[in-house]
Amino acid sequence: MNAIFNSATKTGDIVTKLPAASKVFKEYKIDFCCGGDRPIGEVLQAKKLNEVEILERLNELYATSNRTDDVNWEEAPLAQLVDHIVNKHHVYTSEVLTELQAFVTKVYRVHGQDHPHLRDVYQAFTTLKAEMEQHLIDEERDVFPHIVAFEESQSEAELSKAKAEITKLESEHEAVGDLLKNLREFTNDYNLPPGACNTYRLTYLKLEELETMTHEHVHLENNILFPRLMKA
């Protein structure tokens, strides 16, 4: 088997070439979005994980995956990538944040006295919701229109306006990533306490789903969209 990934391959590049690798990285708690510029070998060494075994798994997954239907976001039109981010990730995020607000609040209100960690969960989620909702507005209002306009007109002025926001957006991604890490820590990796009710279970399920989708969202921007803009 020809190995396409080695210890020097960046984690973000691996997920770009093999989206299914995100599930492997989640299993080992490997950051591929905000930390997507780190070589996989460096990450595995820091986590004291078996580099040979995991690289072999990733390369085998790449060799056996059917990638014919995958969109190559490194080459697709920028407008198509922006449209994908908005219609898949922004729409999902807006809907699930509203849904989760009710769940998180109810679980804290009903079970907070017996499970004190739910106070931390409630506070972290409330902050996360506010920051993510503002972030979506920032992207759709201040960045994405300039990207689409640049692709249509090749205007350097439009490109410059989009590039000027990248550092800010990456900083916001870092802040969201930290809040998601806090939520995972507060919930003990989303392990439910004995006797958890259905709403409790659904809250943890939705929070973990939000984490997964946000990692994919940030990956598409930090590791694909923003680098493409900087090279344009």
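Me: Which residues have the most contacts inside the largest nonpolar core?
Reply: In soluble globular proteins, nonpolar side chains tend to be buried together. In this predicted model, the largest nonpolar core has 23 residues, and those with the most contacts inside it are Leu 100, Phe 125, Leu 128, Leu 183, Tyr 200, Leu 207 and Leu 210. A nonpolar core is a set of buried Ala, Val, Leu, Ile, Met, Phe, Trp, Tyr and Cys residues joined through side-chain atoms within 4.5 Å, where buried means under 20% relative accessible area, exposed over 50% and partly exposed in between (1.4 Å probe, protein chains only).

Me: Which helices each supply at least two residues of this core?
Reply: They are H5 (78-111), H6 (117-153), H8 (166-186) and H9 (198-231); helices (H or I, at least four residues) are DSSP runs, numbered from the N terminus. Apart from this core lies another, of 19 residues, among them Phe 144 and Ile 166.

Me: How do the axes of H5 and H6 cross?
Reply: Two packed helices are described by the angle between their axes and the distance between the axes. Here the axes of H5 and H6 come within 10 Å and cross at roughly 165°; axes are lines fitted to C-alpha atoms, for helices over the stretch in contact, and angles run from 0 to 180 degrees between N-to-C directions. H5 and H6 are therefore roughly antiparallel, a term for angles over 145 degrees.

Me: Is Glu 27 buried or partly exposed?
Reply: Glu 27, in helix H2 (residues 21-27), is partly exposed, with a relative accessible area of 49%.

Me: What should I remember about the numbering and the values?
Reply: Residues are numbered from 1 along each chain as its sequence is written, and side-chain values use heavy atoms, leaving out hydrogens and water. Because the model is predicted, local features need pLDDT of at least 70 and side-chain atom pairs count only at pLDDT 80 or more, while totals for chains, interfaces and linings use all residues.

Technical notes. Angles under 35 degrees count as roughly parallel, over 145 as roughly antiparallel, 65 to 115 as roughly perpendicular and the rest as oblique.
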